[in-house]
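Student: Could you take me through one part of this model at close range? I would like to hear about the aromatic rings and what surrounds them.

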Amino acid sequence: MEQTQFEQLKKKFQSSTVDEMIDIYISTEGLTQEQYMELLRVFPREHISKLEAALQ
């Protein structure tokens, strides 16, 4: 995903609820591995198991 577009997505991601974050994380196409990692860095660690469950 192009960097400007990703920055907008990241801002939306950061202001979302945990459930919205999970939806964005699993449904957004075209992200690079580094972009996925950047989103993970701002994802609340206490809810990481919920994200893992959604990915399975």
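Tutor: **The aromatic pairs**

F13 and F43 are both buried, where buried means under 20% relative accessible area, exposed over 50% and partly exposed in between, with a 1.4 Å probe and protein chains only. Bear in mind that this is a predicted model: local features need pLDDT of at least 70, side-chain atom pairs count only at pLDDT 80 or more, and totals for chains, interfaces and linings use all residues. Residues are numbered from 1 along each chain as its sequence is written, and side-chain values use heavy atoms, leaving out hydrogens and water.

Searching the whole structure gives two aromatic pairs. Rings of Phe, Tyr and Trp (its six-membered ring) pair if their centres lie within 6.5 Å; planes under 30 degrees apart count as stacked, over 60 as edge-to-face and the rest as tilted. F13 and F43 make a tilted pair, 6.5 Å centre to centre with 40 degrees between the planes. This pair links distant parts of the chain, since F13 sits in helix α1 and F43 in the loop between α3 (33-42) and α4 (48-55), 30 residues apart. Helices here are DSSP runs (H or I, at least four residues), numbered from the N terminus.

Y25 and Y36 have ring centres 5.2 Å apart and planes at 65 degrees, so they are edge-to-face. Because Y25 belongs to helix α2 and Y36 to helix α3, the pair ties together parts 11 residues apart in sequence. Y25 counts as buried at 10% relative accessibility, while Y36 is partly exposed at 25%.

Methods:
Helices (H or I, at least four residues) and strands (E, at least two) are DSSP runs, numbered from the N terminus.
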